[in-house]
Structures are given as structure tokens and as C-alpha cells.
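Hi there,

Here is the structure I promised to pass on to you. Have a look around first, and then read my notes below.

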Amino acid sequence: MKLLLSFLTLAIVSVSGHDHHEHESHDMQMPLDYVKYPYQATYYPGDNEVTADSIFSGITTFAKLPWVQCLGKDRTTAFDIAFIGAPFDTGTSYRPGARFGPSGIRAGSRRLTLYGGYNVPLEVNPFMSGLKIVDCGDIPVTPYDNKYAIEQIEKGHKELLHRKPFSALGNDSVTGEPLVPISADGKHHPRIITLGGDHTIVLPLLRSIYSAYGAISVIHFDSHLDTWKPQVFGGAPSSQAAINHGTYFYWASQEGLIKNGSSIHGAIRTTLSGPADYDNDDASGFQRIEAREIDTIGTAGIIKKIRETVGDKPVYLSIDIDSIDPAFAPATGTPETGGWSTRELRTILRGLDGLHIVSADIVEVAPAYDTNAELTTMAAADVLYEVMSVMAKTPLGWSPPPRGSSTIILQPLNEEIQTLLIPGANTILYVKNLYLLHSRVLGLYRPYTPGTKVIFRYIFIVLTPTFMVLDNVTTPELLSG
Ligand SMILES: [Mn+2]
């Protein structure tokens with residue numbers, strides 16, 4: 001029997017559950033300046049515990065998280081999520097000042113745990129989720145030499161990314177089998193949340209991400225494309241000037257760091273040099289959501305577009321604070337009116353619940369232009385609170401394949417998903433075009449040329465508009481419905 005599978009859509013059973021280290025990590029999570037009862041309560045009270053400590057006192061780290069000198073004397077310290085600053089702003093085209101972003105965002109984050117940190121809509125307290133979350137301080141970044149600074153950022157990020165995580169990946173909540181890392185190198189990596197810095201830092205960050213995950217899908221919230229050709233953005237008078245906060249995605253695309261077709265911009269509302277900028281953006285591998293679509297399809301429609309584009313693939317999240325309207329976040333390098341409210345961006349971020357966000361950043365926070373009320377730095381901190389809540393809920397693992405079988409992801413390298421013919425119990429997959437097959441189990445990439453026949457004993461297929469996943473399962477009858 002031959003089945004035409006182009007219309008078949010089956011959902012993957014979602015998995016959850018970190019390996020919890022409740023007691024160890026609760027102790028490890030003791031914030032700076034912690035003093036035991038009765039004079040002070042914990043900063044991270046659990047359910048129904050005392051709150052209202054003097055959150056405004058003491059040394060400032062992100063959300064009062066413990067400070068670990070991850071790139072200094074604490075190089076062997078393990079963590080699950082690390083905040084790290086990248087105080088770089090010499091790739092800026094308009095207002096400089098994002099070098100003060102990390103310290104500003106930390107100041108804006110002081111209040112995050114005042115009431116305990118439980119996220120009501122996401123039903124999680126990221127500070128009490130069993131993960132070890134730390135503030136690693138800043139990567140040392142020179143303000144005198146962009147090329148050197150970019151190397152410093154890549155090196156610093158990479159060192160953190162390749163550190164063994166504090167918690168094990170955990171097990172599939174349904175089968176109890178150990179989860180399989182979603183990375184390309186087959187290893188379980190901690191997650192890094194970078195505090196920018198102007199947006200140029202994402203080029204070295206993606207170079208680091210590539211070392212663990214290969215080409216990555218990107219969700220990018222920004223009023224600007226940032227895929228501009230150097231000749232268009234800045235004129236590229238030198239090779240160094242060609243790398244700046246409007247061109248870093250162009251270079252990332254040129255270097256093959258971005259997964260073509262499954263990456264997406266949100267909140268775009270920039271003016272252009274002309275329509276050719278969108279052609280160039282298409283060529284850089286991005287889909288686009290315009291800021292004004294909030295008025296037509298709303299946050300729900302925007303979330304749907306993002307999820308359909310990214311699927312369950314590993315994804316990197318980059319947030320330019322200028323995606324938010326300057327009414328709510330004025331302190332940024334290149335403000336654009338007509339943006340989303342802080343509430344809308346937070347809703348959209350919560351809509352990413354369940355996605356495999358491997359790392360993230362927030363950039364272009366330039367506190368010198370903020371109001372006395374710390375509007376922008378507070379918005380940046382609150383946005384990251386949503387991001388860490390989403391991360392805390394979803395481990396970076398796939399559901400393991402059934403025993404004795406292998407798992408295959410089939411990723412078309414070109415735009416069209418081809419028709420697949422599945423006859424009988426022994427499946428023959430006829431590859432009409434050049435595909436890349438990735439075995440999760442072996443962690444191998446293997447190219448297949450046109451006309452190749454690949455034989456699977458059993459097959460389970462999930463199709464989305466942009467990719468498909470093939471899993472060996474116990475019975476081919478799943479396909480006959
Ligand atoms: Mn921007």
C-alpha cells in the first residue's frame with residue numbers, strides 16, 4: 001500500500017522534567033547577603049513562606065542570584081542557567097551606551113523575587129525549579145578594538161556553554177527513559193542568558209552556539225532586520241566597520257550559523273533602503289512578523305507563526321529591547337515608535353512555552369536614556385524573567401526513541417517537502433532531492449544525494465510546513481489512519 005504523506009500531521013509526545021536537585025540547589029541558590037531567620041526572610045521564599053525582605057539592599061546581581069566568578073576563580077563551578085554580561089557598544093550606529101546595559105538590567109531586576117518569583121500564567125517558579133541559576137558577572141570586553149572584543153565575547157560564551165551542567169537532563173515523563181540531548185554534539189549543555197551590549201554581540205554568540213548545536217533556528221525580536229549588507233548599513237569603509245549592530249545577522253548567515261527557513265523576526269517596523277532589503281533578508285533565512293500585525297492577528301496569531309516556523313528544533317532567542325515601544329522602553333540605541341507594549345512582548349514570550357530555547361540574550365539596553373523610573377531596565381529584566389520561566393519548564397532533550405530503534409530527523413535543504421512513498425511494513429523512503437539526515441542517536445549528519453533509497457523497518461512521521469521528523473516506532477499501523 002502506498003501512502004501519500006504530505007498531508008499527514010502527527011504530534012510528538014511532549015516531554016518534561018528535569019532531574020531535580022531540590023535540596024542541593026536550593027542551598028546553592030542562596031542569594032547574596034542571605035541572612036537566616038528571624039531578622040530576615042529568604043529572598044526566594046517557597047509557597048506560603050515569608051516574603052518582603054529588603055530587596056533594595058546589598059550588592060546587585062541579576063534577580064539577586066548568587067554571583068559566581070564563572071570566568072575567574074570559579075571555573076569549575078557547574079550551573080544550569082547562567083546570566084553573563086557582554087558590555088560592548090562600539091558597533092552602534094546611533095545612540096551609544098549599551099555597555100552599561102548589563103549593570104542597568106541587573107538594577108532593573110532587583111525586584112524580581114520580592115514576592116517569591118512564582119510565575120502565575122506559566123505555573124512555575126524558575127528560582128525554585130530545581131535548576132541552579134547563577135549570575136556569572138560580565139565577560140571582559142575591550143572598548144578599544146572591536147575585532148578583539150568580538151573574540152573575547154565568543155570565547156567567554158563558549159567556555160560557559162561547554163561546561164557540564166549542574167543538573168542531569170532527566171527522564172521522559174511518560175516512558176521514564178533518559179532524555180536524549182537535542183544538541184548536534186550529543187552533549188547536554190547549560191543555558192546562557194547574555195545581557196548586552198549592542199546587537200553586534202550576537203555574531204560571536206552564534207559562533208559559540210554553533211560549536212554545540214550546529215546551524216540554529218533563531219527567534220529575533222527587534223524593530224530592525226539586522227541582516228543588512230555591510231555596503232548598505234554603514235558603507236563598510238573597513239572590514240571591521242562591516243561588522244556592526246545592523247549587519248551581524250548578514251555575517252551569521254554567510255557563515256552558515258543560522259538555519260535557513262526556520263528563523264523568524266518579530267516586531268519589525270524599520271524603514272528600509274528599499275524593498276531590496278527584504279529580498280536580502282529572505283536570502284539570510286528569516287521569516288518576518290511586522291510590528292503592526294499585532295493589530296490584525298494579535299499576540300495569539302504571532303505566537304502561532306513563530307511556533308510553526310521553529311517547530312521543536314533547538315532555537316536561539318535574541319531580544320532587542322527596541323522591539324518594545326519607546327513609550328515603555330525608551331533607553332535604547334535606535335528607538336522606533338509603533339512597537340509592542342511590554343505586556344504584549346511578555347505574552348508572546350510566554351507563548352514560546354515548550355520550545356527548546358537553548359540560550360538567549362537581551363540587547364541594546366542603554367540606561368543613560370532611561371527615565372528615573374527605570375522603565376527600560378525593568379522591562380528588560382521582566383522580559384528575561386519570562387524567558388527563564390520558559391527555560392525552566394522545558395529540558396533540552398528529546399523523548400528517547402523506543403529501545404532497539406534509531407531516530408531520524410529529515411530536514412529538506414531546499415524549500416519544498418517532497419512526496420514520500422511508504423509501502424508496507426518495510427518502509428522505503430525515496431529521497432527525490434538532496435536532504436540531510438540526522439540521527440539523534442548517533443549524533444551524525446549524513447548527506448543523501450538525489451535518487452537515494454533509504455530503508456527503514458518502521459517509520460513515524462511528523463510534518464510541519466518547514467520540516468519533518470521521522471521516528472522509528474513499534475508499528476507502521478500508525479500511518480494507515
Ligand atoms: Mn534594533
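This is a predicted model: local features need pLDDT of at least 70, side-chain atom pairs count only at pLDDT 80 or more; totals for chains, interfaces and linings use all residues.

You will find Pro-102 in helix H2 (residues 101-108). Leaving out residues up to four places away in sequence, Pro-102 touches Gly-85, Pro-87, Asp-138 and Leu-195. Thr-61 is 41 residues from Pro-102 along the chain, yet their C-alpha atoms are separated by 9.6 Å.

Now for the sheet. In what order do the 8 strands of the open sheet come? The order is E2-E1-E4-E9-E8-E5-E6-E7, and the pairing is parallel. At the edges are strand E2 (133-138) and strand E7 (286-290), each of which pairs on one side only. From one strand to the next, the twist averages 15°.

Is E8 mostly covered or mostly open? It is mostly covered, with 7 of its 7 residues buried. In a regular strand, side chains alternate between the two faces of the sheet. You can follow this along E8: Pro-314, Tyr-316, Ser-318 and Asp-320 point one way, while Val-315, Leu-317 and Ile-319 point the other way.

E8 runs parallel to E5, and 5 bridges join the two; here Phe-221 has Ile-319 of E8 as its bridge partner. E8 also runs parallel to E9, with 7 bridges between them, and Tyr-316 stands opposite Ser-359 in E9. Further along, strand E5 (residues 217-221) pairs with strand E6 (residues 263-268) in the parallel sense over 3 bridges, where His-220 has His-265 of E6 as its bridge partner.

Next, the helices. Two packed helices are described by the angle between their axes and the distance between the axes. For helix H7 (residues 298-310) and helix H8 (residues 342-350), the axes come within 9 Å and cross at roughly 40°, which means that H7 is oblique to H8. Their crossing is right-handed. Thr-299, Ile-302 and Ile-303 of H7 make the contact with Glu-344, Thr-347 and Ile-348 of H8. By type, the residues of this contact are 3 nonpolar, 2 polar and 1 charged.

Finally, some backbone details in the loops. Most residues other than glycine have a negative phi, and most peptide bonds are trans. Where does phi take a positive value in a residue other than glycine? One place is Ala-63, with phi near 55°, in the loop between helix H1 (22-28) and E1. Ala-63 counts as buried because it has 25 C-beta neighbours inside 10 Å. Another is Glu-364, with phi near 70°, in the loop between E9 and H9. Glu-364 is buried as well, because 32 other C-beta atoms lie within 10 Å. The peptide bond from Gly-196 to Gly-197 is cis, with omega near 10°, and Gly-197 sits in the loop between E4 and helix H4 (202-213).

Note on methods
Residues are numbered from 1 along each chain as its sequence is written. Axes are lines fitted to C-alpha atoms, for helices over the stretch in contact, and angles run from 0 to 180 degrees between N-to-C directions. Helices (H or I, at least four residues) and strands (E, at least two) are DSSP runs, numbered from the N terminus. Angles under 35 degrees count as roughly parallel, over 145 as roughly antiparallel, 65 to 115 as roughly perpendicular and the rest as oblique. A crossing is left-handed if the near helix is turned anticlockwise from the far one by less than a right angle, and right-handed if clockwise. Two residues are in contact if their C-beta atoms, placed from the backbone, lie within 7 Å. Ala, Val, Leu, Ile, Met, Phe, Trp, Tyr, Cys and Pro count as nonpolar, Asp, Glu, Lys and Arg as charged, and the others, Gly among them, as polar. Two strands pair if DSSP finds at least two bridges between them. A residue is buried if 20 or more other C-beta atoms lie within 10 Å of its own, exposed if 12 or fewer, and partly exposed in between; C-beta atoms are placed from the backbone.
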